[in-house]
Amino acid sequence: MQKVLLEEFPDANLDILIVWLKMYDADSLEVVQEAARLLRDDPRVTQFYDPGKICGLEVAEGFGAKSGEVAWDVYFFYDRQAVWSEQLPQSVDWAHQLSGSSWAEADRLFQGDQLTQKLREIMLNLLKNGQGA
């Protein structure tokens with residue numbers, strides 16, 4: 001994400017929100033802080049640590065997930081008119097890496113180089129439509 005969204009589009013008018021979830025035992029605060037350092041110098045990025053997975057549970061539920069399913073490794077893109085309230089606003093586009101998920105659409109599943117390419121494609125479409133520049 002750093003390369004595709006930040007380095008390839010250094011002048012894009014973006015706000016990037018990253019929520020780090022504790023999905024594995026190794027996902028400690030210290031590990032998250034180390035990973036977060038890679039993005040800390042870009043003022044467009046705001047990061048949070050959610051060890052209770054509250055955000056991931058709420059997002060998954062908003063997409064119709066079964067109780068207890070968590071949204072993680074998900075990339076949502078919004079335009080500047082998105083209204084943030086009690087419910088997650090409708091995204092312009094999104095992608096995920098959640099194979100086998102009951103709620104995340106299979107046609108939005110991308111991994112590895114395909115994910116990188118999809119994120120780049122979404123960004124270019126937003127910029128072309130004046131939604132991120």
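Arg44 is buried in this predicted model, with a relative accessible area of 12%. Because buried means under 20% relative accessible area, Asp42 also falls in that class, at 16% relative accessibility. The two residues form a salt bridge, and the closest N and O atoms of Asp42 and Arg44 lie 2.8 Å apart.

The structure holds eight salt bridges. Three of these pairs are described in this report and listed in the table.

| Salt bridge | N to O distance |
|---|---|
| Asp42 – Arg44 | 2.8 Å |
| Glu8 – Arg120 | 2.8 Å |
| Arg108 – Glu105 | 3.0 Å |

The salt bridge between the side chains of Glu8 and Arg120 links distant parts of the chain, its partners being 112 residues apart. Glu8 lies in the loop between helix H1 (2–7) and strand E1 (16–21), whereas Arg120 belongs to helix H4 (residues 113–128). Glu8 is partly exposed, at 32% relative accessibility.

A further salt bridge brings together the side chains of Arg108 and Glu105, at 3.0 Å from N to O. Arg108 has a relative accessible area of 21% and counts as partly exposed.

Notes:
Residues are numbered from 1 along each chain as its sequence is written. This is a predicted model: local features need pLDDT of at least 70, side-chain atom pairs count only at pLDDT 80 or more; totals for chains, interfaces and linings use all residues. Side-chain values use heavy atoms; hydrogens and water are left out. A salt bridge is a side-chain nitrogen of Lys or Arg within 4 Å of a carboxyl oxygen of Asp or Glu. Helices (H or I, at least four residues) and strands (E, at least two) are DSSP runs, numbered from the N terminus. Buried means under 20% relative accessible area, exposed over 50%, partly exposed in between (1.4 Å probe, protein chains only).
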